[in-house]
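Subject: Structure handover

Hello,

Here is the structure for your files. My notes on it follow below.

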Amino acid sequence: MSAVIEVRGLRNQFGSQIVHENLELDLLRGEILGVVGGSGTGKSVLLRTLVGLNRPQAGSVHLFGQDLLTLAGEPRLALARRLGVLFQQGALFSSLTVSENIALPLIEHAGLSRPDASRLAALKIALVGLPASAGAKYPSELSGGMIKRAALARALALDPAILLLDEPTAGLDPISAAAFDALILTLRDALGLTVFMVTHDLDTLHAISDRIAVLAGRRVLVSGTLAQVAATDDPWVRDYFHGPRGRAAASGQPPPRTHPT
Ligand SMILES: Nc1ncnc2c1ncn2[C@@H]1O[C@H](COP(=O)(O)OP(=O)(O)OP(=O)(O)O)[C@@H](O)[C@H]1O
C-alpha cells in the first residue's frame, strides 16, 4: 500500500522542551491508523503538524508526495483542502447554526453560493447520521454525540481524502462512542477515506483501527497491527494493552470497576 502521508526526521520543540525527535511515520492509503501514547507525548502536536498548523524545527512532511513545509500559495491551499480535521472539542462556531458551520468552508474555500452551500450542508448532515432538523440548531443545543457528528460533517465538507481525528470518542458514553466508531468505519469504506486518529479509547482501537502507532520517547516507538504493537516489550505498551482496560477491550467485556470503600 502506498503512503499518503510520509513523515521523516521530525523535530518539534517548544522552548527547551523537545516533543518529537527524529519521528518517522507513514499513513497508508485507505487505512485507519490509531495513534496512541501517554499524556504529553505529542499526539496533538503531531496532528497539528500534519495539517500545517504547527511548523516543525526539522524534518519533512509529505502529503501525497508533496512537501507540505515548502509549499506556499494556492498549491498549499489545494493540498490543505484534501485534509479534513475533527478537533478534540469539535471547534464549531457557537454563533452559527450547524448548517452554517458546514456551509462556511464551502463558501470560503470552494466558492459556492450560500444557497448551494446550504444544500450541500444538508447532504453532509444526512451523511453523518444527523436528523435534518439538526441543521437549524446551534452547537449549544446539541448533545455531545451530535456535536461530534456535526463537526465531522464540517470536516467532510470539502470531500477530503484524509480525515484526521483528535480523540473522536472522548466524552461520549460507550453506546454513542461505539456508534461513532461504526460511522467512521462506514465513511472510510463508502468514501475511500484514509484516517489518522489520535485516541485513548481502547475499544475504538480494537473496533476500527487497521494499524496502531505508539508515540513514546519523542518518536513513534512501534507501528503495526494491534497484535504486533501489543507484543512490544515496553512498560507503557504493557500497561496500556495488557492492563485491566486493555484486557476488557480485547474481550469485548466492560473493565472491572473498583468501588470506593
Ligand atoms: N503551542 C505550544 N506551546 C508550547 N508547548 C506546547 C504547545 N503545544 C503543545 N505543547 C506541549 O507539547 C507537549 C505535547 O502536547 P500534546 O498536546 O501534543 O500532547 P498529547 O500527546 O496530545 O497529550 P494528551 O494525551 O494529554 O492530549 C505538551 O507538553 C504540551 O504542553
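A nonpolar core here means a set of buried Ala, Val, Leu, Ile, Met, Phe, Trp, Tyr and Cys residues joined through C-beta atoms within 7 Å. A residue is buried if 20 or more other C-beta atoms lie within 10 Å of its own, with C-beta atoms placed from the backbone. The largest such core has 66 residues, of which Val35, Ala150, Leu164, Val195 and Phe196 touch the most other members. Helix H5 (residues 144-155) is its main contributor, giving seven residues; helices (H or I, at least four residues) and strands (E, at least two) are DSSP runs, numbered from the N terminus.

This is a predicted model: local features need pLDDT of at least 70, side-chain atom pairs count only at pLDDT 80 or more, and totals for chains, interfaces and linings use all residues. Residues are numbered from 1 along each chain as its sequence is written.

Leaving out residues up to four places away in sequence, Leu164 touches Leu47, Leu50, Val51, Leu83, Val85 and Phe196 (contact: C-beta atoms, placed from the backbone, within 7 Å).

Around the ligand are Phe14, Val19, Gly37, Ser39, Gly40, Thr41, Gly42, Lys43, Ser44 and Val45 (near: C-beta atom, placed from the backbone, within 6 Å). Helix H1 (residues 43-50) gives the most to this shell, three residues.

As for the whole protein chain, its secondary structure comes to ten helices and ten strands. Buried residues make up 38% of its 261 residues. The C-alpha atoms fill a box of roughly 55 × 50 × 35 Å along the principal axes.

Regards

Terms used. Buried ≥ 20, exposed ≤ 12 C-beta atoms within 10 Å, placed from the backbone. Contact = placed C-beta atoms within 7 Å.
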